[in-house]
Amino acid sequence: MKRIIFLLFLAYEFKADLVLEITESASKPVKIAILEKNSNSLSGQEIINVISNDLKRTGEFKVLGMDELLSIPMNESEVIQRDWLLLDVDSIIFVEVQNEDNNLDIAYSIFDISYNETEDKRRVLGLPDSLRQSSHYVSDGIYKYFYGIEGISSTKLMYVTRNSDTHKLIISDADGFNEQVLLKSNNSIISPAWSTDAKEIAYVSFENNRAQVFTQNLATGKRNLVLSSKSSVSSPAWSPDNKDLAFTSTKDGNSEIYTINLKSKKITRLTENLAIDTEPAWSPDGKNIIFTSDRSGSPQIYEINVRSKLKRRLTTEGNYNARASYLGKNEIIFVHRSNINFNIAKLDLGSRTLEVLTSTKNDESPCIAPNGNVIIYSTKDGNLSYLAGINISSKVSFKLPALYGELKEPAWSPFLR
Amino acid sequence: MKNILISLFSIFIIFACSSTPVEKVDVQETKTVDLTENSQEETDDNVVMSDVDLGEAYVTVLFDYDDDTLKEESLEELFAVSRLMKSNAKYTLLVEGHADERGTREYNLALSERRAKAVEDFLTATGVSSFNIEVVGYGEEMPVDNGSNETAWSKNRRAELFFIR
């Protein structure tokens, strides 16, 4: 019996892949077709499938199906321009699989219909067992060609799921496939964060009945308690150079922001007052940290220079602004309370213009994709929390519904190349 | 020196001329850490508290939204706790602070700890030794009511007092 339960459990573990749904598409998506060059292979079809889904999932592409085509060229020289102009297709992507020795390489070219010529040619080197990942790289190349912004299909997402008393910290591909459980616990896990080299993660675990920060090596699973303390330690954030971890702790009696050098273990205290100071996030150049403080009576976002410790308040609108992160150098995103709802908002640090980006009720944990153009956050529908996202430039919105229980605390990986 | 420069230059030429840009894909393996089995991992810390069910709270006090001020209606019960603790110095109290689901998790963690601290401050002000009080914040992680409405939220914004020894 025990064995059967174990098997059932395993089956359950492997079953779950999240499916991303586009809730609002771009007003004028790029129309393309993806064809295999000079062949019709099984792996070719699989690759085209992954790429099509990646591009559709951005909400910024319309990928034509085979049944919608007027002619099917085997290569560039067979393209009948008129057929494709009729369909209003922008470009054809020719994909060529090169399966030699123990490699699986994908060459691809972008054939522009109106110019009637090949505009871009690239190649991704991979292994047969990295077919999905190699295809994601192709998708990212195509995305960049059309939009001038790095694609994020080849990146990963980290998040927390909760199903009754089981909490799991999980990493999956950006499309929700290939879930891998990093930590399984009977206690809450919050605030997962990636190291900038994507080799380690940090998170808050309540496994010892209080908030503690651990780092964990992804390849080995080796964990380190960052700071042993009787007080809570939480909200880890890796510095851009990966050397320091910013965190919050009440070890000196009140919630303050600190940094710890991960090698020397030297701790530096950044804030000192009687209010709550928490949720540190580094500026891209590592010189400043933004954080939430209620020193004014309500939570607002402040910025502190790590060296000089000079502070300034960034948010002034509204009585609840928290959990901020930088969006490039000149903007921040954060949780903003507007009337009764908690939404994700963006503030331009130059013009001080605040823009509310979401319209659901209880939006939290906003996090930015490494291309700086997609925000993912967790939100709630009834008692079910799930992930939702928005593309800043195209206004495309999407959601990642929870398959079971709760899905929360998203953290987008850095670029993995 | 000149040779090195020439060879560096030719390397540059080779790269610049290769017609198609190339990317290499790596697949990263990951390991799972499972804490749900009894083999709780040994960590180098001395703060592990016994994972026992403390049962029902001796006293629960409620708070307003984004606030850690003790309400007047809670004071009578807290005075009773204070008297009890002063009558026997062996009593040790654990105060657990909690928050409702609204707002961010980390801010709520800090807020919940402040609520627990407000209870501690009150008790120490009435003469209880702070050595006999432990505080911990659980943020919004352990609601008593899972609903998303004011009734549930008002129950969840709380501090629970347990006698642990």
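This is a predicted model: local features need pLDDT of at least 70, side-chain atom pairs count only at pLDDT 80 or more; totals for chains, interfaces and linings use all residues.
**A colleague's note on chains A and B**

1. The crossing of H2(B) past H3(B) is right-handed. On the H2(B) side, the contact is made by Leu78(B), Val81(B), Ser82(B) and Met85(B); H3(B) contributes Val119(B), Phe122(B) and Leu123(B). Sorted by class, this contact of H2(B) with H3(B) has six nonpolar residues, one polar residue and no charged residues.

2. Stepping back to chain B as a whole, you will find four helices and six strands. Along the sequence, they follow the pattern α-β-β-β-α-β-α-β-α-β.

3. Chain B has 165 residues, of which 33% count as buried. Among its contacts between residues at least 6 apart in sequence, 73% join residues at least 24 apart.

4. Now to chain A, which is divided into domain 1 (21–147) and domain 2 (156–412). Taken over C-alpha atoms, the centres of these two domains of chain A are separated by 36 Å. Their contact takes 14 residues from domain 1 of chain A and 11 residues from domain 2 of chain A.

5. On the side of domain 1 of chain A that touches domain 2, the elements giving two or more residues are strand S1 (21–24), helix H2 (42–58) and helix H4 (131–147) of chain A. By class, that side of domain 1 of chain A has two nonpolar, six polar and six charged residues.

Technical notes
Residues are numbered from 1 along each chain as its sequence is written. Chains are lettered from A and ligands numbered from 1 in the order in which they are written. Domain bounds come from an automatic or database domain assignment. Two residues are in contact if their C-beta atoms, placed from the backbone, lie within 7 Å. Ala, Val, Leu, Ile, Met, Phe, Trp, Tyr, Cys and Pro count as nonpolar, Asp, Glu, Lys and Arg as charged, and the others, Gly among them, as polar. A residue is buried if 20 or more other C-beta atoms lie within 10 Å of its own, exposed if 12 or fewer, and partly exposed in between; C-beta atoms are placed from the backbone. A crossing is left-handed if the near helix is turned anticlockwise from the far one by less than a right angle, and right-handed if clockwise.
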